[in-house]
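Hi,

Here is the structure I promised to pass along. My notes on what turned up in it follow below.

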Amino acid sequence: MANLPTPLERFVQGILPENPVYRQFLGLCPTLAVTNGLKPALTMALAVGFVLLCANVIISLIRSLLKPHLRIVIFTLTIATFVTIVDRVLAAYMYQMSKTLGPYIPLIIVNCIIICRCEVCASRQSVTAAAADAVGQSIGFGLALVSIAVVREILGTGMLAGYQVLPDAWPDWVIMVLPPGAFLTFGLLMALVNWIDAIRTEKNTGRG
Amino acid sequence: MDYLFDIMLISITAALINNFVLYYFVGICPFIGVSRQVGMAVGMGSAVTFVMTVAVFLSWTITTLILVPGAPLSSWVAGFFMPAQKAATMDLTILTYIVYIFSIASSVQFVEMYVRRFYPSLYKTFGVFLPLITTNCAILFACLTVMSNIVGVESPEQAWDLGRALALGIFGGVGFTIAIVIMAGIREELDLCDVPRAFKGTAITLIVGGILAMAFMGFTGVDSGIRTAVMGTP
């Protein structure tokens, strides 16, 4: 047990060094599907954060009872319960948003981030570490979603969260809010992250 | 004629126009992860098609018999515990997600055991992918689409029957296979190209995916075109 990271390390790692989207390539479905605007992206990040936190805490509490071959089923059932809660709450208080997000809220159940965190962290560590890990990963996921959503919404509509940011003369790049724009933006941003990373490692090793 | 036509439209829409991967972004993880070689991509695609058909069949049966308001099986069981009027409007749709994911997970487990026991050669082709498929968004997405066409419709006559649901399952899987095989073909060629260092790996795959999605946008409107051609009127 001594080799496992402490709660604080778990928290910090989730935000940038082990960012779920840019570093681990997890949870790509919502990353691409709901990032055509800032508001749906934020709602999605909050929903995933809530489910991840609850699932991590519950799994961590029952970790001594888990049987290896039934593990994944227990994970998905726990997650499905909380996703149902999120889905009902969204439908009750934010009806329009729940229509916009549509099937992507129930698809949180099969979001690899949550299953991966349950497997890697919650099923092995204490509640504190699991909760810290969940919060860190959620912030990392939220940052990634927001970064893509900002680029797509500004270039695609000239607006950000409903406010005009680019001059009216801006020809809206409609392709950016359509499916291909998601792939292109994400690909370019990932290349940017890799590039910055390469420069930083070069500096650290004293070659740059 | 109308029914066959409906099935045809559902199939074309699921496979090409609203391709699961390139339009709805479901099943991206295997699309990026398992698309290095054409052979593997074909294996993954056929496994997904197979499981999706089974899962859609299960979810259609469960939804129609148990989950929708006033479903036969649940109201029959509820009739033992509560007044008949209340039992007839038994609504279990809130359990949908839990029931679906449980039925997908267990059916994948059974299919894997069955295939390994009775068709070892088939198991070699796509057996290794089966456990991964439990957490494939595309399968759950197909089930949810079927559900929204049973529960979400205005009148019971508009609800999908089993044939329509199966068409969606099979051709949704075919669409996934088409996308992942094209992707694998392109990536095999990409290995020989000089890709900028920052783009190596996932980044260039996503860009290629974007260009593929643009190509598939060309199918937009094909369904209404077919409708005009067959029905005579737009």
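Let me start with the aromatics: there are nine aromatic pairs over all chains. Rings of Phe, Tyr and Trp (its six-membered ring) count as a pair if their centres lie within 6.5 Å, with planes under 30 degrees apart called stacked, over 60 edge-to-face and the rest tilted.

Before going on, the housekeeping. This is a predicted model, where local features need pLDDT of at least 70 and side-chain atom pairs count only at pLDDT 80 or more, while totals for chains, interfaces and linings use all residues. Residues are numbered from 1 along each chain as its sequence is written, chains are lettered from A and ligands numbered from 1 in the order in which they are written, and side-chain values use heavy atoms, leaving out hydrogens and water.

Back to the rings. Phe50(A) and Phe82(A) are edge-to-face, because their planes sit at 85°, with the centres 6.4 Å apart. That pair links distant parts of the chain, 32 residues apart: Phe50(A) belongs to helix H3 (residues 38-61) of chain A and Phe82(A) to helix H4 (residues 71-93) of chain A. Helices here are DSSP runs (H or I, at least four residues), strands likewise (E, at least two), numbered from the N terminus. Phe82(A) is buried at 14% relative accessible area, whereas Phe50(A) is partly exposed at 36%. For those words, buried is under 20% relative accessible area, exposed over 50% and partly exposed in between (1.4 Å probe, protein chains only).

In chain B, Trp76(B) and Phe80(B) also make an edge-to-face pair, with centres 5.4 Å apart and planes at 75°. Trp76(B) is exposed at 57%, and Phe80(B) is exposed too, at 59%. Phe20(B), Tyr23(B), Tyr24(B) and Phe141(B) form one aromatic cluster. There is a charge over a ring as well: Arg117(B) lies over the face of Phe118(B), 5.1 Å from the ring centre (the rule wants NZ of Lys or CZ of Arg within 6 Å of the centre and within 35 degrees of the ring normal).

And the cysteines? For Cys118(A), the nearest cysteine sulfur is that of Cys121(A), 9.1 Å away. Cys118(A) is buried, at 0% relative accessibility.

As for chain B overall, it has twelve helices and zero strands. Of its 234 residues, 46% count as buried, and the C-alpha trace spans about 70 × 50 × 35 Å along its principal axes.

Cheers

How values were computed:
A disulfide is a pair of cysteine sulfur atoms within 2.5 Å.
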